[in-house]
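Dear colleague,

Here is the structure I promised to pass on to you.

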Amino acid sequence: MHLSRRDLDAVETIDTKRSYGVAAFGFSVVAAFVILCGYYIFAYREDFLFVAQVSFPETAAAGLLILGSYVANSYQLHLFLRKFGLTLGFVELTALTMGMLLGNLVIPMRGGTGGLAVYLKRVHGLDFQAFAVIYAGTALLVALINAALAIFALVILGWFYGVVYPVLSLCVATIFVCCLYLGLFLPPMKWKKSGILSPVFQAAHSWHVLTRDRRLLASLAVSLLIISLVLTAAFYFIYRTLDTPLSLFGVLVTSCLGNVANLIPLTPGSLGIFDAVVIQIPQLFGVDPARAIAATLVFRVLCFFWALLLGIPGMYYLFKNGPTGKP
């Protein structure tokens, strides 16, 4: 079927309006979340007096751990790209990772990841289907590993401390089973080379082929496990600096479920979605709302600090050396 220029323009206009609509919805969620948090802090400002007594060494330790997670993200991207025959230099790889992380924190629908896909396509010829496999596969593994860690923490809490959270446990178990099936046991899919769902089935088939490389899968799993544990340790130091009574296993459940919520891309940096989880879950373990909110805000500030400090130079490097910057 041949589309006229008018039809193509109409489709492009619809896609543009849809993109603006999604972005507007994402920013509205962010605005609502910021307003609600601001109102709560203002209304109960006496409950936040403890923030003035934070321990700076422990806050610095949390910041360094978050930086370590960013470095691990670079290594993870390197593993995926190497599988598709693309090996980047250290500077370019770091610039790509940090620019992507900054973009994801300020643009809805993972804008930084989209920019990374465009850069790799234009500069290195990596097709979007391959990148879709990387993106979807990473999300599956992140959810799988974090759900497994959360299950481990919940089992320890129930077995040794007699504390059981049935609804929370059911939700985590459901996430784990679904991701385990989709990530490791999804059968081969036959896809047609034409049709509206062809890219989806093609990406699913490519991911199935990719998972047959058990060495790559193990390397990715280890890198993602390290990222999850590093972020858990960062949360642990943040809760300690705020003198928050939350056990190590409670921190593990909070951090892991926050990482799963962080996969939802509707808002910049999943702001409001991630935060709702890491504010509500600690309250199940007896943490008061003020300390849960304060811990989340400290984590956000540290993430933005490193993203801005490293992401801005990274984006400058990419613009300078990308397709528009080359002589």
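Leaving aside its neighbours within four places in sequence, Gln-76 is in contact with Thr-138, Leu-220, Ser-223, Leu-224 and Ile-227. Please keep in mind throughout that this is a predicted model.

As for the overall fold, the secondary structure of the chain comes to 11 helices and zero strands. Of the 327 residues of the chain, 43% count as buried. Among the contacts in the chain with a separation of 6 or more, 74% are accounted for by residues 24 or more positions apart.

The largest pocket may be of interest to you, and its volume is about 850 Å³. Its lining is made up of 32 residues, and those that lie nearest the centre of the pocket are Asn-73, Leu-101, Asn-104, Arg-110 and Asn-262. By class, the lining has 18 nonpolar, 12 polar and two charged residues. Several helices, namely helix 2 (56-83), helix 3 (90-106), helix 4 (111-124), helix 5 (128-161), helix 8 (214-241) and helix 11 (289-321), each supply at least two residues of that lining, and the largest share, seven residues, comes from helix 5.

Turning to the packing, the largest nonpolar core has 77 residues, and those with the most contacts inside it are Ile-66, Tyr-70, Leu-81, Leu-120, Leu-168, Val-253 and Phe-299. To this core helix 5 gives the most, with 12 residues. If residues up to four places away in sequence are not counted, Leu-120 touches Leu-81, Leu-86, Leu-88, Leu-96, Gly-125, Leu-126 and Phe-131.

Helix 5 also holds Leu-140, which is buried, with a relative accessible area of 18%. Leu-140 and Leu-180 are 40 residues apart in sequence, while their C-alpha atoms are 8.2 Å apart in space.

On the aromatic side, the count comes to eight aromatic pairs. In one of them, the rings of Phe-235 and Phe-274 have their centres 6.5 Å apart and their planes at 35 degrees, so the pair is tilted. This pair links distant parts of the chain, with Phe-235 in helix 8 and Phe-274 in helix 10 (residues 273-284), 39 residues apart. Phe-235 and Phe-274 are both buried, and together with Tyr-239 and Phe-299 they form one aromatic cluster.

Finally, two loop residues deserve a look when you check the backbone. Asp-243, in the loop between helix 8 and helix 9 (248-261), has a phi near 55 degrees, a positive value in a residue other than glycine. Ser-270, in the loop between helix 9 and helix 10, likewise has a positive phi of about 55 degrees although it is not a glycine.

With best regards

Note on methods
Residues are numbered from 1 along each chain as its sequence is written. This is a predicted model: local features need pLDDT of at least 70, side-chain atom pairs count only at pLDDT 80 or more; totals for chains, interfaces and linings use all residues. Side-chain values use heavy atoms; hydrogens and water are left out. On a 1 Å grid over the protein atoms alone, a cavity is a set of points where a 1.4 Å probe fits but cannot get out, and a pocket is an open set with protein on both sides within 12 Å along at least five of seven lines; lining residues have an atom within 4 Å of a point. Grid points are joined across faces, edges and corners, and a volume is the space filled by probe spheres set on the points. Helices (H or I, at least four residues) and strands (E, at least two) are DSSP runs, numbered from the N terminus. Ala, Val, Leu, Ile, Met, Phe, Trp, Tyr, Cys and Pro count as nonpolar, Asp, Glu, Lys and Arg as charged, and the others, Gly among them, as polar. A nonpolar core is a set of buried Ala, Val, Leu, Ile, Met, Phe, Trp, Tyr and Cys residues joined through side-chain atoms within 4.5 Å. Buried means under 20% relative accessible area, exposed over 50%, partly exposed in between (1.4 Å probe, protein chains only). Contact means heavy atoms within 4.5 Å. Rings of Phe, Tyr and Trp (its six-membered ring) pair if their centres lie within 6.5 Å; planes under 30 degrees apart count as stacked, over 60 as edge-to-face and the rest as tilted.
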